[in-house]
Amino acid sequence: MKAAIRVDASDQIGTGHFMRCLTLADALKQRGAQVRFIARHLPVHLRDILAAKRHEVMLLNSTPSKAISDGLSHAHWLGTSQYNDAQDTTQALSDKAWDWLVVDHYSLDARWESVLRQTAKNILVIDDIADRQHDCD
């Protein structure tokens, strides 16, 4: 099985999303899955943890751009529009067929997930505030 995880961490966002995704990735890897993290914002010490655990990581361009609010409370955390992030993530996943895409990010919703439908057979969303619509399995 191949699973990709889209998550960010920073001083503003915190590390909780990353840590719960890391726990999931470790469990999947123990069961033979290949896991790739996709992140736009990820401090070096968290990248080092991924390297030590031998998880793949692909960093998206983090050059600030004019973010579109998309009507989401935390849209500014993304650092770009959902559309741009979806295009970047699609490119980062274009080399393989993915069984699962796990999304743990307050700045992403059904609009982003709908674009990513073409990259994975299934989408799992972790959302502990439930303040937006999702297109997930």
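Met58 sits in strand β3, where strands (E, at least two residues) and helices (H or I, at least four) are DSSP runs numbered from the N terminus. This is a predicted model, in which local features need pLDDT of at least 70, side-chain atom pairs count only at pLDDT 80 or more, and totals for chains, interfaces and linings use all residues. Residues are numbered from 1 along each chain as its sequence is written, and side-chain values use heavy atoms, with hydrogens and water left out.

**Met58 and its surroundings**

- With a relative accessibility of 32%, Met58 counts as partly exposed (buried is under 20% relative accessible area, exposed over 50%, partly exposed in between, using a 1.4 Å probe and protein chains only).
- Leaving out residues up to four places away in sequence, Met58 touches Arg36, Phe37, Ile38, Ala39 and Ala92; contact here means heavy atoms within 4.5 Å.
- Arg36 is 22 residues from Met58 in sequence, and the two are 7.4 Å apart in space, C-alpha to C-alpha.

**How the strands are arranged**

- Strand β3 (residues 56-59) runs parallel to β2, and four bridges join them; two strands pair if DSSP finds at least two bridges between them.
- Across this pairing, Phe37 stands opposite Val57 in β3.
- Together, β2, helix α2 (residues 44-52) and β3 form a right-handed β-α-β unit: with the strands pointing away from the viewer, the path from the first strand over the helix to the second runs clockwise.

**The aromatic pair**

- One aromatic pair turns up in a search of the whole structure; rings of Phe, Tyr and Trp (its six-membered ring) pair if their centres lie within 6.5 Å, with planes under 30 degrees apart counted as stacked, over 60 as edge-to-face and the rest as tilted.
- The ring centres of Phe18 and Phe37 are 5.8 Å apart and their planes are at 45 degrees, so the pair is tilted.
- Because Phe18 lies in helix α1 (residues 16-30) and Phe37 in strand β2 (residues 34-39), the pair ties together parts that are 19 residues apart in sequence.
- Phe18 is buried at 0% relative accessibility, and Phe37 is buried too, at 1%.

**The nonpolar cores**

- The largest nonpolar core has 17 residues, and Phe18 and Phe37 are among those with the most contacts inside it; such a core is a set of buried Ala, Val, Leu, Ile, Met, Phe, Trp, Tyr and Cys residues joined through side-chain atoms within 4.5 Å.
- Two or more residues each come from β1 (2-7), α1, β2 and α2, with α1 giving the largest share, five residues.
- Another core, of 15 residues, lies apart from this one and includes Trp98 and Trp112.
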